[in-house]
Amino acid sequence: MRIILLTVLMSVFSFADGQSQRLELPHELQSNIIPNFFVLASNNEDELYRDDLKKNAEKAKAKRVVLSFFATYCVSCKEEFAVLKKNSDRLKREGVQVYLINVGEDIHSQGEKVAEMVKKYAGNAFPFYFDPYVNSLKKFGLVKQNEEAKLPLTLILDSDLRVLSILIGEMGSDFPQILWSEF
């Protein structure tokens, strides 16, 4: 009985201090590059498309592109932003471009609240965008119709926009190093 209890306790503690939880790639993300998508810039005028990510990565000679999907109600998202902000210089040195994408919240009614959250937890370290209808995650096969997104959800892409990994939920002890490490 002690052995069973000890084994259960060890697995609980190792999970809490373990790796970030990864998702298997859905069919939509198993091709050469991510499907085309667009999100709205925080000014509600400009848009960011898949091809813009590619051009920005080439221009900055980035090795990785990270899409971090979040919402204002997500406590783990705030924690992730704080870690990203703290490591923003290292991310830049390692060639990692980070884009924060708010999902499911209307830019007109929630825009200021989103901007305040980003400023408070991520500062001005990363650009942020809006996807009020969660279309990008639907195109990526990560959210089904009438389903709520599980957040935070982080896509790690190479510079050619091929998905290397998908992280979901709270950060593990491997975060943020997992964003620039080898796969």
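A: Start with residue classes: Ala, Val, Leu, Ile, Met, Phe, Trp, Tyr, Cys and Pro count as nonpolar, Asp, Glu, Lys and Arg as charged, and the others, Gly among them, as polar. Keep in mind that this model is predicted.

Q: How many cavities of 30 Å³ or more are there, and what kinds of residue line the largest cavity?

A: Rolling a probe the size of a water molecule over the atoms shows where empty space is left. Here the count is 1 cavity. The largest cavity holds about 40 Å³ of space. Its lining includes Ser20, Glu80, Pro152 and Phe175. By class, the lining has 5 nonpolar, 3 polar and 2 charged residues.

Q: Which residues of helix 3 are buried?

A: An α-helix has 3.6 residues a turn, so residues three or four places apart point the same way. In helix 3, the buried residues are Ser76, Cys77, Glu80, Phe81 and Leu84. They lie on the same side of helix 3 because they cover an arc of only 140° around the axis. Exposed Val75 and Lys86 sit on the face turned away from that buried side.

Q: What do the buried residues of helix 3 pack against?

A: Their partners are strand 3, helix 4, strand 4, helix 5 and strand 6.

Q: Which element gives the most to the lining of the largest pocket?

A: Helix 4, with 4 residues. The largest pocket has a volume of about 260 Å³. Of its 14 lining residues, Ser88, Leu91, Lys92, Val96 and Gln97 are closest to the centre. The lining divides into 8 nonpolar, 3 polar and 3 charged residues.

Definitions and conventions:
Residues numbered from 1 in each chain as written. Predicted model: local features only at pLDDT ≥ 70, side-chain atom pairs only at ≥ 80, totals over all residues. Heavy atoms only, no water. 1 Å grid on protein atoms, 1.4 Å probe; cavity = no way out; pocket = protein on both sides within 12 Å on 5 of 7 lines; lining within 4 Å. Points joined across faces, edges and corners; volume = space filled by probe spheres on them. Buried < 20%, exposed > 50% of the residue type's maximum accessible area, 1.4 Å probe, protein only. Helix = DSSP H or I, 4+ residues; strand = E, 2+ residues; numbered from the N terminus. Arc of directions from axis to C-beta. Contact = heavy atoms within 4.5 Å.
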